[in-house]
Amino acid sequence: MRNIVPALLSIGIGFAISFFGLQSYSNSISGKPIFAINETVDTQEETQLPEEEETTDTEDTQQEISTDTNEETPSVEETIPEEDTQENREEDEGGEGEAMEVETITSASYDSNDIQKSFDNWEAYTKDNIDLMATFTPLDEKGATIEKGIFLTLLRTGAFIPVKSVKEGKTQYQLTNINDTSDEKIKKSITSKAAIAHQYFKMEGKKLPDYNFVDLKGKTHNKADTKGKLLVIKCWFITCKVCVEEFPKLNELVDKYKDEKIEFVSLAFDKKDELVEFLETKEFKYPTIPEQKDYMAKKLKVKQYPTHLIVDSNGIIIKMVNNVKTLTSELERIMGK
């Protein structure tokens, strides 16, 4: 019995010691390690959230850039003022002469809506700014350069008008949608002009059809006579008022290039006697060949009068244009003066 009591006391003391030790161990586990785990999780969350926010900001930025890009894809009306702004910056640096040129273009051509308010507005604008037969850079409605034949074909659909701008001293025409409210005569006018310009454009690069002309003074003009020379041909007839009004300017061209290898020749509808009598009252320095209506209409595909052709020394048609102003500028471009 005496042995049982000490044994029980020993067991009780051992259990108390074990319990105390277990409690201490539990406290050690439930303290700092748990805090460390929570701290680690919190730290990770704090690190990830800014990363997620940065990712979101990046996506938003990309979306804004994409939206801005779409918004900045300019309409025709917006493109020209932007170019004008650039031109204005250049004119500030370039001098008074350039500033005057830009100012003229700006006042004449930048508001496409104003151009289309009436047929009179359209006529006034095109008279001073648009010549589809001249040398220019063709642009589509988004401002991208396209082939001239495509440009003229699109104009023939009646869905566009051309709007002029100047970049680095070079003329550009850009396709601009015709307003639904525009006068129907504007559409008819541009489709007609584009059709003729397209026909003339198709003739450029082709060989001049065979010819053997005899002028009013009995002189012959054929490929052998003009070989090695630039040939300039005017197509006209006596009762064409505009054709005759061009004479003084054409005479100036003959004088200007008299020392160059250029031959000027005119082809007329009219009979020899009629031309001789008419030209006694109107000075015209081109040698003139009578009765050439069929050659002009069937061989050269002339659609309006006057028409001028520039043919190179190999007999290839370089340009077909319909007025002396454009002829003058094209000759200056080709001859370098």
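Predicted model: local features only at pLDDT ≥ 70, side-chain atom pairs only at ≥ 80, totals over all residues.
Visitor: What about α6 and α8? How are they packed?
Guide: α6 and α8 have axes 9 Å apart and pack at an angle of about 30°. Angles under 35 degrees count as roughly parallel, so α6 is roughly parallel to α8. Here α6 passes α8 in a right-handed crossing.

Visitor: And which residues touch in that one?
Guide: Phe119, Trp122 and Glu123 in α6 meet Lys185, Ile186, Ser189 and Ile190 in α8. The contact of α6 with α8 has four nonpolar, one polar and two charged residues. Look out for Ile190 of α8, which meets α6 and also meets α7.

Visitor: One more pair, please! What's going on with α11 and α14?
Guide: The axes of α11 (residues 247–256) and α14 (residues 324–335) come within 10 Å, crossing at roughly 15°. These helices are therefore roughly parallel to each other, and their crossing is left-handed. Lys249, Leu250, Leu253 and Lys256 from α11 meet Val324, Leu327, Thr328, Leu331 and Glu332 from α14. By class, that makes five nonpolar, one polar and three charged residues in the contact of α11 with α14.

Visitor: New topic: how much space lies in the largest pocket?
Guide: The largest pocket holds about 1200 Å³ of space. It is lined by 40 residues, and the closest to its centre are Lys127, Ile130, Asp131, Asn323 and Thr326.

Visitor: Which helices and strands give two or more residues to that lining?
Guide: The helices are α4, α6, α8 and α14, and the strands are β2 and β3. The lining of the largest pocket divides into 16 nonpolar, 12 polar and 12 charged residues.

Visitor: And the second largest pocket, how much space is in there?
Guide: About 230 Å³ lies in the second largest pocket. Among the residues that line this pocket are Asp215, Leu216, Lys217, Phe284 and Tyr286. Its lining has six nonpolar, one polar and four charged residues.

Visitor: Now the backbone. Where is there a cis peptide bond?
Guide: Tyrosine 305 and proline 306 are joined by a cis peptide bond, with omega at about 0°. To find proline 306, look in the loop between α13 and β9.

Visitor: Last one: what is the phi of glutamate 168?
Guide: Glutamate 168 has a positive phi of about 55°, although this residue is not a glycine. You'll find glutamate 168 in the loop between β2 and β3. Those two strands each give two or more residues to the lining of the largest pocket.

Definitions and conventions: Residues numbered from 1 in each chain as written. Heavy atoms only, no water. Axes fitted to C-alpha atoms, helices over the stretch in contact; angles between N-to-C directions. Helix = DSSP H or I, 4+ residues; strand = E, 2+ residues; numbered from the N terminus. Parallel < 35°, antiparallel > 145°, perpendicular 65-115°, else oblique. Left-handed = near helix turned anticlockwise from the far one by under 90°. Contact = heavy atoms within 4.5 Å. Nonpolar A, V, L, I, M, F, W, Y, C, P; charged D, E, K, R; others polar. 1 Å grid on protein atoms, 1.4 Å probe; cavity = no way out; pocket = protein on both sides within 12 Å on 5 of 7 lines; lining within 4 Å. Points joined across faces, edges and corners; volume = space filled by probe spheres on them.
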